[in-house]
Each structure stands twice: as C-alpha cells, then as structure tokens.
Amino acid sequence: MNKLWNFINGEFVPPQSEKYLESFNPATGKPHLLVSDSDERDVALAVDSAKTAFTDWSRTKAEERAKFLYRIADLIDERKVKLAEAESADQGKPVWLASQMDISRASHNFRFFAGTILHSHDRATRMDQTAFNYTSRKPLGVAGLISPWNLPLYLLTWKIAPAIAFGNTAVAKPSEFTSHTAYLLCEIFQEAELPNGVVNMIFGTGPRAGQALVTHPDVPLISFTGGTTTGRAIATAAAPMFKKLSLELGGKNPNIIFDDADLEEAVRMSIRSSFLNQGEICLCGSRLYVQRGIYNEFVEKFVAQAKALKVGDPREKDTFLGPLVSKDHLEKVESFLKHARDEGIQILAGGNLPKLSAELANGYFLEPTVFAGVKHVSRIQQEEIFGPVVSITPFDTDEEAIEMANGVTYGLSATVWTKSLQRAHTVAEELHAGTVWVNTWLMRDLRLPFGGVKASGLGREGQEESFEFFTEAKTICIKHG
Ligand code: TXE
C-alpha cells in the first residue's frame with residue numbers, strides 16, 4: 001500500500017516513528033493508503049527547514065513569488081483528474097464534485113493570491129506639514145496551517161497560498177483522514193521547483209502532530225479550520241504563547257425561505273446547500289425555516305427531490321451523495337438519527353443506511369435525511385451534525401425567523417430567499433453570521449472577508465484580511481517639518 005511520507009525541505013522522508021496510520025476509502029471501507037504517523041520530532045525538522053528557507057523566501061520579490069504560485073496553479077489544473085479521483089477516494093465525495101469544487105478552487109486560491117501580492121498596497125498619512133507616517137508590513141516567519149477532512153485540498157491551499165504569497169514559509173498538517181491530495185500537492189511543489197523548505201507537509205493525527213505544531217515556539221501564527229471543540233483546544237494551547245490565531249470552526253447555518261421567494265430556485269438550491277458533499281461543509285444550510293404560506297408546497301417539492309438524489313458510487317457521474325468520510329463520523333451522525341427517533345421527531349425522508357452493491361456494502365453511506373417538527377431546543381437544531389441531515393420548520397413573521405435563526409451558539413453563514421430588496425437588507429443585517437447569501441449559496445469572492453462569529457470561530461480570511469493575518473504591520477513616523 002502507498003505510504004505517504006512527510007515532505008520536508010523539498011524531499012519526501014519517512015516519519016521518525018516509522019509508524020503509519022491506515023487511511024480508508026470510505027466507499028468500500030477498505031484501507032487504501034498508509035499515512036505517516038508523525039510526532040514532535042518530524043514537526044521540529046519541518047519547522048527548522050521552514051525557518052532556514054524563510055531568510056531568502058521573505059526577501060524574494062513579490063513578482064518572483066507570484067510566478068511560483070501561478071506555476072503551481074497551472075500544475076494543479078494539469079493534474080485535475082488525478083487530484084479529483086484521489087480526493088474522492090479519500091473523502092467520499094463524488095469525483096465530479098471534487099473536480100468542480102475542490103480542485104478548481106485549489107488552483108484559484110494560488111492564482112488569486114499570486115495576483116493579490118502584485119497589487120497590494122499599504123497606508124500612509126500626512127500630519128500637516130510636520131510628519132509623514134507609513135505602514136510597513138513584513139511576513140511573520142513559519143506559518144502553522146492545520147486543515148480538515150471535508151474539503152481537503154480546497155481548505156489546505158486556502159491557507160498555503162496566502163501564507164507563502166505574503167513571504168512566510170509554512171508547515172502544514174492536513175487531516176489524517178484525507179491526506180492524499182496534500183501529498184500530491186507536494187509533488188507539484190517539487191515540479192514547480194518551489195525552493196526547498198518554503199512549504200513542508202507533516203502527516204499524522206491532531207493530538208500528536210497537530211499539537212506539536214501548535215505549541216512549537218518558532219511558529220508565530222496558526223491558521224486552523226476544523227471543529228469548534230478542537231478550535232478551543234488549539235486556542236487554549238496557543239494563547240499563552242501569544243500566537244496569531246485564525247480559527248474557522250463549525251456552523252449550524254439557517255436557510256430562511258420567505259413566501260415571496262422564487263420557490264423552484266429556492267428548492268433547487270436548498271437541496272444543494274443541504275446535501276452537497278454529503279452535508280459535510282461547514283457552510284451547509286442544515287436548518288431550513290419556511291414561511292407558512294408556502295410551507296406545504298416547499299416541503300412536498302423538497303422531500304421529493306431529496307428522495308430522488310442518488311446515493312452511491314462516487315465514481316459515477318450521476319451520484320450526488322457519496323459516503324461520509326469515516327466509520328466514526330457515520331456513527332456520530334447516526335447517533336443524531338437515534339436521538340431524533342427517541343424525541344419522536346418526524347422523519348420526512350431518509351434516515352436509513354442505503355442498500356448498495358456488494359463492492360460498496362461496507363461503505364459509510366447514509367440517505368439524505370429530512371426532519372420536521374423539531375423543537376428549537378433540540379440537539380438536532382442546536383448541534384452541528386455535519387452530515388446529510390436537515391430540519392424544516394415553519395414560521396410566520398420575519399422577526400420569528402430571525403430569532404430562531406440566531407438562536408444557536410454558531411454564526412458562520414446564513415441564506416435568505418426573498419424577492420423583496422428591503423427584506424433582504426433588513427434580515428441580512430439582523431442575522432448572526434459572518435456571511436449571508438441572498439437568493440444564492442456558496443458564492444465565494446476571496447476579495448471579501450470570510451469567517452464566523454460566536455462559536456464559529458475568530459479571524460477572517462480574504463484579500464485584505466489574509467494580508468493582515470499573514471503579515472505584521474509596523475508604523476513608521478518621520479518628522480520632517
Ligand atoms: O475535525 P478536527 P474533525 C466539524 C464537524 C466535525 C467536527 C470534527 O462537526 O464532525 O468538526 O471533525 C487536527 N491540535 N468540522 O474530527 O478534529 C486534525 O488532525 C492540533 C467543521 O475532522 O477539528 C485535522 O487536521 N490539531 C470544519 C484538523 O485538526 C488538531 C471542517 C481538523 O480536525 C488537534 C471539519 C489538536 N489538538 C470538521 N485535534 C469546518 N468548519 O469546515 C485535531 N487536530
């Protein structure tokens with residue numbers, strides 16, 4: 001079986017422990033890769049390599065750095081099919097989705113930040129005729145980048161690209177469940193002749209390799225995407241070391257459909273925002289709130305379309321849901337189904353493990369599931385399930401919808417369906433969310449900030465925000481009058 005070695009100083013090297021973790025293909029339930037089970041020794045080697053590389057890389061001209069990032073983006077595009085198939089076999093999503101979303105956004109991330117550093121600007125002010133102030137920004141050093149298993153290459157490159165674009169070097173640790181495309185990305189770094197040590201990739205578990213990276217004294221900033229519980233552990237470990245932190249955590253996002261919405265479009269897009277990537281996107285709209293006037297019609301259409309979604313082999317073009325990422329995660333999501341049944345919650349669709357072919361019989365598949373009549377205080381409404389499981393709840397007034405939407409500890413994103421411009425602005429302003437989509441979902445413009453409020457994390461990533469996060473500002477004041 002293929003062993004994924006760490007990538008340190010431009011070379012693939014085995015873990016110091018010489019131990020490996022089995023990584024499973026979630027469609028078959030069979031191990032298909034061995035992932036380095038790294039520890040603090042591997043992290044130390046990677047950080048040393050990144051520190052050495054930082055001296056030259058941080059002084060490289062932006063134009064030079066941009067050339068490397070554009071080359072990496074081109075190589076990602078050239079290897080799109082191989083990357084999409086690897087992503088699908090690792091994470092479970094359909095190959096078409098891996099290609100359309102994860103791999104495309106991965107090359108976009110490198111291109112976007114390559115362009116950003118060619119046009120970024122700083123601030124300067126005049127104090128009458130006596131002094132001139134300007135901001136001088138510098139990269140911080142070795143960036144610690146930790147990414148999750150749901151959008152593996154997409155979210156990993158969303159950290160690596162800005163980190164190195166702004167002149168830092170990096171030690172990245174992808175999720176142990178989905179390490180393959182991170183490994184293939186390192187082959188691309190070699191092909192692009194990215195200077196050794198600029199990006200180092202460490203594979204392994206969170207508590208061992210991840211924790212060692214978070215607490216390493218020569219890593220001044222940590223960019224993390226993952227669960228809120230883990231985000232809390234990372235913040236606890238990093239805060240006493242005064243590290244810069246960006247935490248993109250979980251979500252429990254409302255999807256509010258008013259009775260003046262374009263019903264067909266709202267149903268079509270709500271199916272995507274509920275079940276795309278098996279519902280394993282922190283931005284999924286897992287709480288649907290539908291105004292009473294259209295509730296029955298919406299539910300009828302939505303349930304029919306949910307039942308019609310194909311759950312199956314992620315290699316097939318008409319598959320909409322592949323398996324969930326791991327057996328443990330499937331069991332976690334199933335525990336919510338059991339809880340719903342214990343609470344006597346109405347199941348309008350799904351709720352079962354689908355019967356599939358012998359080859360897929362041991363895969364981690366789950367039918368798209370729709371609940372109704374869920375009490376606001378239920379765990380189903382309050383906790384991030386992170387699977388193909390949504391609830392639909394009727395409401396009467398705008399105020400009632402806003403109150404229910406805001407009534408959870410999370411605040412990552414929200415979606416609003418209405419044809420009224422006035423209502424769109426008013427409701428969007430009232431929602432506790434870092435991003436609000438109106439009559440659409442998952443449209444991402446990297447020029448604008450992204451991130452959550454409340455338990456969905458802290459920090460923002462986007463053009464200006466990544467510039468601020470991945471550099472540190474110094475203000476220089478020169479008296480001349
Ligand atoms: O994430 P974890 P998991 C949510 C979702 C999911 C839950 C847990 O609800 O069920 O989080 O998922 C590394 N120090 N989201 O287990 O544990 C770990 O190795 C340093 C939402 O995948 O947060 C992996 O690389 N690192 C989220 C990364 O952190 C640690 C997407 C994420 O793992 C660590 C994914 C530690 N102590 C899950 N513990 C989103 N917002 O998109 C773990 N890691």
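1. An N or O atom in the side chain of Glu384 is 2.6 Å from an oxygen atom of the ligand. Keep in mind that this is a predicted model.

2. The backbone of Leu249 brings a polar atom to 2.5 Å from a ligand nitrogen atom, while Glu248 has a polar side-chain atom 3.3 Å from a nitrogen atom of the ligand. As for cover, the ligand has 800 Å² of accessible area on its own, and the protein covers 88% of that.

3. Where does the ligand sit? The largest pocket holds the ligand. Helix 7 (206-214), strand 11 (221-225), helix 8 (228-238) and helix 11 (327-342) are the elements that give two or more residues to the shell around the ligand. Helix 7 gives the most, with four residues.

4. If you're setting up a residue selection, the ligand is surrounded by 28 residues.

5. Three strands make up an open, antiparallel sheet in the order 6-7-21. Strand 6 (124-127) and strand 21 (471-479) are at the edges with a single partner strand each, so one side of each has no neighbour in the sheet. From one strand to the next, the twist averages 20 degrees.

6. Zooming in on one pairing: strand 6 and strand 7 (residues 131-139) run antiparallel and are joined by four bridges. Arg126 is opposite Phe132 in strand 7.

Technical notes: Residues are numbered from 1 along each chain as its sequence is written. This is a predicted model: local features need pLDDT of at least 70, side-chain atom pairs count only at pLDDT 80 or more; totals for chains, interfaces and linings use all residues. Side-chain values use heavy atoms; hydrogens and water are left out. Two strands pair if DSSP finds at least two bridges between them. Axes are lines fitted to C-alpha atoms, for helices over the stretch in contact, and angles run from 0 to 180 degrees between N-to-C directions. A residue is near a molecule or strand if one of its heavy atoms lies within 4 Å of it. A polar contact is a pair of N or O atoms within 3.5 Å; within protein, one must be able to donate a hydrogen and the other to accept it, and residues adjacent in sequence count only if both atoms are side-chain atoms. Accessible areas come from the Shrake-Rupley method with a 1.4 Å probe; for residues, only the protein chains shown count as cover. On a 1 Å grid over the protein atoms alone, a cavity is a set of points where a 1.4 Å probe fits but cannot get out, and a pocket is an open set with protein on both sides within 12 Å along at least five of seven lines; lining residues have an atom within 4 Å of a point. A molecule sits in a cavity or pocket if more than half of its atoms lie within 2 Å of its grid points.
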